[in-house]
Amino acid sequence: MLLLEGGRIVTPDGVLSPGWIRLAGDVIDAVGSGDPHEQLPAVDLRGQWVLPGFVDVHVHGGGGASFTEGTSDQARQAAAFHGGQGSTTVLASLVTAPLAELEARAGLLGGLADDGVIAGLHLEGPFLSPARRGAQDPRHMIAPDVAVFERLHAAARGHLRVITLAPELPGAFAVIQAATRAGVTVAVGHTDATAEVTLAAIDAGATHATHLFNGMRPPHHREPGAVGALLDRDEVTCEVIADGVHLDDIMVRLTARAAGPGRLVLVSDAMAAAGMPDGSYQLGSQRVSVAGGVARLLEDRAAIAGSTATLADVVRHAVAAGLPVSDVAAAASTTPARVLGLADRTGALSPGLSADLVVCDDDFRPRAVMRHGEWLTAPP
Ligand SMILES: [Zn+2]
């Protein structure tokens with residue numbers, strides 16, 4: 001048993017200040033406020049915030065390494081980088097690539113999921129709209145095809161959790177149904193869909209929005225597009241990249257109010273350059289140049305190519321933008337854990353869940369991270 005005491009503990013029922021957490025091995029045993037009145041080995045966290053470990057459902061790489069290319073060890077390095085920054089659960093996101101390559105990456109990442117390094121895979125492609133390609137390679141975008149989906153699903157050996165697709169493409173509805181039957185979350189993204197088509201996709205089983213606003217037609221008051229439809233439907237969880245680059249803070253606040261903490265999902269969409277200096281990087285087949293922390297395609301400087309933020313950076317930015325800390329914790333941990341079907345294991349500082357937590361200073365910079373009861377970085 002170990003006590004963490006004196007911190008501001010962010011729980012689903014509010015902030016306990018001061019509060020305490022009692023750990024039993026790799027599990028949270030109890031949480032309370034005030035003085036725990038127990039004689040146990042204790043860590044003093046006075047003056048610090050304690051948040052649930054972040055759950056990042058959209059991340060391509062970090063710390064100079066990628067999920068989208070390179071070796072298995074490099075993919076482990078990317079997961080370890082994000083873990084050290086507070087993301088105790090990460091879903092590895094692939095970008096559009098030739099099929100054989102996607103199949104090979106799905107196999108490699110499936111192995112990492114078997115080992116518990118990542119929570120599984122997110123296929124961001126290849127069934128996307130070239131009209132809203134963002135930084136993805138349009139040469140490898142293809143029409144949705146159930147046989148192709150089955151191949152990629154099989155390659156990931158049960159670890160494919162989310163697939164992003166554009167529902168206006170021919171064949172999309174058959175893939176939405178096949179994925180939903182297979183227990184894979186269907187996300188709408190990189191899409192030029194109208195509101196009408198998006199609503200039909202939700203009726204067919206889509207339940208998630210990939211980086212709302214980015215890679216979608218801008219909403220118009222008479223044609224609200226995918227953005228309007230996704231926000232309007234209660235069963236849809238909505239990702240936002242609240243890094244101060246991808247979205248104006250006004251849009252972050254409006255989305256947070258419209259979706260509420262139970263549907264808002266903060267993501268990093270980080271690529272290899274997260275945590276690294278400016279310079280040249282790779283995102284799948286695309287070459288990326290990072291200047292002033294903003295990643296852009298080398299060939300098309302208008303296209304922002306993922307982010308260089310960690311989810312901890314996004315959390316800090318969201319708090320600074322005015323979102324309540326409890327809501328930010330829900331959107332960075334609890335709600336994404338639910339998206340992954342892991343709500344009974346992680347995503348909140350609640351008894352019975354995995355001891356996954358982040359200790360932050362007053363500016364919400366991570367100072368210590370615990371995953372499954374082990375300190376990845378110890379408290380100062
Ligand atoms: Zn992405």
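Here are legends for a handful of close-up views of this structure, which is a predicted model.

**View 1. Helices α2 and α3 lie side by side.**
Start with helix α2, which covers residues 99–114, and helix α3, which covers residues 146–155. How do we describe two helices that pack together? We use the angle between their axes and the distance between the axes. Here the axes come within 7 Å and cross at roughly 30 degrees. Angles under 35 degrees count as roughly parallel, so α2 is roughly parallel to α3.

**View 2. A look at who meets whom between α2 and α3.**
Which residues of α2 take part in the meeting with α3? On the α2 side you'll find L99, L102, E103, A106 and G107. Across from them, α3 brings V148, R151, L152 and A155. Sort the contact of α2 with α3 by class and you get six nonpolar, one polar and two charged residues.

**View 3. Helix α7 and its buried face.**
Helix α7 runs through residues 249–259, and its buried residues include V252, T255, A256 and A259. What covers them? Among the covering pieces are helix α6 (225–232) and the strands β14 (237–240) and β15 (264–266).

Is C238 buried or exposed? With a relative accessible area of 0%, C238 is buried. C360 is buried too, again at 0% relative accessibility. As for disulfides, the count for this model comes to zero.

**View 4. P18 and its cis peptide bond.**
P18 sits in strand β2, which spans residues 14–24. The peptide bond leading from S17 into P18 is cis, with omega near -5 degrees. P18 counts as partly exposed, at 41% relative accessibility. Now find G7: it is 11 residues from P18 in sequence, yet the two C-alpha atoms are 5.3 Å apart in space. Setting aside neighbours within four places in sequence, P18 is in contact with G6, G7, S33 and G34.

**View 5. A cis bond at P126.**
Where is P126? Look in the loop between β10 (121–124) and α3. The peptide bond from G125 to P126 is cis, and its omega is near 5 degrees.

**View 6. T88, tucked into a loop.**
T88 belongs to the loop between α1 (72–84) and β9 (89–95). Its relative accessibility is 2%, so T88 counts as buried. What does T88 touch, if you skip residues up to four places away in sequence? The list is G53, F54, D356, V369, M370 and R371.

**View 7. H211 and D269, with positive phi.**
Most residues other than glycine have a negative phi. H211 has a positive phi, near 20 degrees, and D269 has a positive one near 50 degrees. You'll find H211 in the loop between β13 (208–209) and α6, while D269 is in the loop between β15 and β16 (279–283). Buried or exposed, then, for H211? H211 is buried, with a relative accessible area of 3%. D269, at 6% relative accessibility, counts as buried as well.

Technical notes
Residues numbered from 1 in each chain as written. Predicted model: local features only at pLDDT ≥ 70, side-chain atom pairs only at ≥ 80, totals over all residues. Heavy atoms only, no water. Axes fitted to C-alpha atoms, helices over the stretch in contact; angles between N-to-C directions. Helix = DSSP H or I, 4+ residues; strand = E, 2+ residues; numbered from the N terminus. Parallel < 35°, antiparallel > 145°, perpendicular 65-115°, else oblique. Contact = heavy atoms within 4.5 Å. Nonpolar A, V, L, I, M, F, W, Y, C, P; charged D, E, K, R; others polar. Disulfide = S-S within 2.5 Å. Buried < 20%, exposed > 50% of the residue type's maximum accessible area, 1.4 Å probe, protein only.
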